[in-house]
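Please look through the structure shown here and consider on what grounds its residues and contacts receive the labels they do.

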Amino acid sequence: MDHLITTTSELADVCARLAQFPVITVDTEFLRESTYYPLLCVVQMASPREAVVIDALAEGIDLKPFFDLMSNEAVLKVFHAARQDIEIVFHLASIIPHPIFDTQVAAMVLGYGDSIAYDQLVERVTGHRPDKTHRFTDWSRRPLSKEQMHYAVSDVTHLRDVFARLDADLKKRGRNNWVSEEMEVLTSPRTYDFHPERAWERLKTRVRKPKELAILMEVAAWREQEAQSRDVPRSRVLKDDAVGDIVTHAPTSLEKLASLRSLPKGFDRSKWGGDIIAAVQRGLARDPHTLPKLEKPRNNSNGTAIVELLKVLLRMTSERHAVASKVIATVDDLEQIAANDQAEVAALHGWRRELFGEAALSLKHGKLALAIEKGRVVRVDRH
């Protein structure tokens, strides 16, 4: 049971056995504290017959059989919170595992709450309480301990039971295609293709003027490239709040840069100081017309009231259908729906539109009202 795979030939044999099953469970253990790209340390996989642990750091091991299995269309790969696992495979082999099933997404669609943690889901579905002691262990150290091996194996064996239960529940409620739609997004290369010029989208910095947006785009792109090329975390190059500071103050000289509080002392004198000034200047030189449109702050009081009502409708819908509200719509979606009937948001497409989007538009246009009856909020259709 607790056999560690350390050679390419053993890995090829195991992958050939697993490929005979329509469904396997997969998990990875990695380190990303000190690098830009996660370091893959261990891979666990299980079929209904066996569970294996692969030492991804074993000398001379070639992970190609594993990557081939990940792209084998005849085998469904089950993960929990798959995004980081997929990101690692994409970085190492330029492939995206497919087809996949993410138990975290399925759990949200089935009303287990927003982004439920793996151990909580296992406990709620199987009654087992997983051992969490090795979750934050150093998976790059060798040899792996017996306890680590046990933890790694139990991760994917519990996942088999969780998948079986969620899959049956989805079929019973007719929600399979809801999860399939989410899996398309999760397995789209665009989700994992981090072009430095799109790095600014990940930052929560508030920008109000086109000039600030242009600087943000240039500084974020520079930081991303620097982090990628040196393989260090973004925050090692420049912390997010420092990026925000640079965007607000737009320093065009090293003296001005030195006066920013959020930067480490002496930063202006480093090689990076000049790079940042150059990025700010590139930002200032950009033609504002070529920039993405800035969302106008929607400060009309009526809009705010509409969003508040939509939130009530969303909570009602979420409770009635036992679906996590976050999966149906985000607050940003609600703001966009309040401003525009044709907003390009997921909540106005597919199953979400049937469940919530249509009702949201009806509420906005007075065709549907919310009332309180016997202490509960109910929908009232107005024709």
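Q: Why is Arg-198 called partly exposed?
A: In this predicted model, Arg-198 has a relative accessible area of 24%, and because buried means under 20% and exposed means over 50%, Arg-198 counts as partly exposed.

Q: What makes the pair of Arg-198 and Glu-201 a salt bridge?
A: The closest N and O atoms of Arg-198 and Glu-201 are 3.5 Å apart, and because a side-chain nitrogen of Arg within 4 Å of a carboxyl oxygen of Glu meets the rule, the pair is a salt bridge. Glu-201, at 42% relative accessibility, also counts as partly exposed.

Q: Why is Asp-55 called buried?
A: The relative accessible area of Asp-55 is 6%, and since the label applies under 20%, Asp-55 is buried.

Q: What makes Arg-286 and Glu-218 a salt bridge?
A: Their closest N and O atoms are 3.3 Å apart, and because the cut-off is 4 Å, the pair qualifies as a salt bridge. The pair links distant parts of the chain, Arg-286 being in the loop between α13 and α14 and Glu-218 in helix α9, 68 residues apart. Glu-218 is buried, with a relative accessible area of 14%, whereas Arg-286, at 28%, counts as partly exposed. Glu-218, Arg-282 and Arg-286 are linked in a network of salt bridges.

Q: How do you know which residues of helices α9 and α13 make the contact?
A: The axes of α9 (residues 210-230) and α13 (residues 271-285) come within 7 Å and cross at roughly 145°, and the crossing is right-handed. Contact means heavy atoms within 4.5 Å, and the residues that make the contact include Glu-218 and Trp-222 of α9 and Ile-276 and Arg-282 of α13. The residues of this contact divide into 9 nonpolar, 1 polar and 7 charged.

Q: Why are the buried residues of helix α7 placed on the same side of the helix?
A: In α7 (residues 176-186), Trp-178, Val-179, Met-183 and Leu-186 are buried. They cover an arc of only 135° around the axis, which puts them on the same side of α7. The face turned away from the buried side of α7 carries the exposed residues Glu-184 and Val-185. What covers the buried residues of α7 includes α3, α4, α6 and α17.

Q: Why is Leu-166 called buried?
A: Leu-166, which lies in helix α6, has 0% relative accessibility, and because the label requires a value under 20%, Leu-166 counts as buried. Leaving aside its neighbours within four places in sequence, Leu-166 is in contact with Thr-103, Ala-106, Ala-107, Leu-110, Tyr-112 and Leu-121.

Technical notes:
Residues are numbered from 1 along each chain as its sequence is written. This is a predicted model: local features need pLDDT of at least 70, side-chain atom pairs count only at pLDDT 80 or more; totals for chains, interfaces and linings use all residues. Side-chain values use heavy atoms; hydrogens and water are left out. Axes are lines fitted to C-alpha atoms, for helices over the stretch in contact, and angles run from 0 to 180 degrees between N-to-C directions. Helices (H or I, at least four residues) and strands (E, at least two) are DSSP runs, numbered from the N terminus. A crossing is left-handed if the near helix is turned anticlockwise from the far one by less than a right angle, and right-handed if clockwise. Ala, Val, Leu, Ile, Met, Phe, Trp, Tyr, Cys and Pro count as nonpolar, Asp, Glu, Lys and Arg as charged, and the others, Gly among them, as polar. Buried means under 20% relative accessible area, exposed over 50%, partly exposed in between (1.4 Å probe, protein chains only). The arc is that of the directions from the helix axis to the C-beta atoms.
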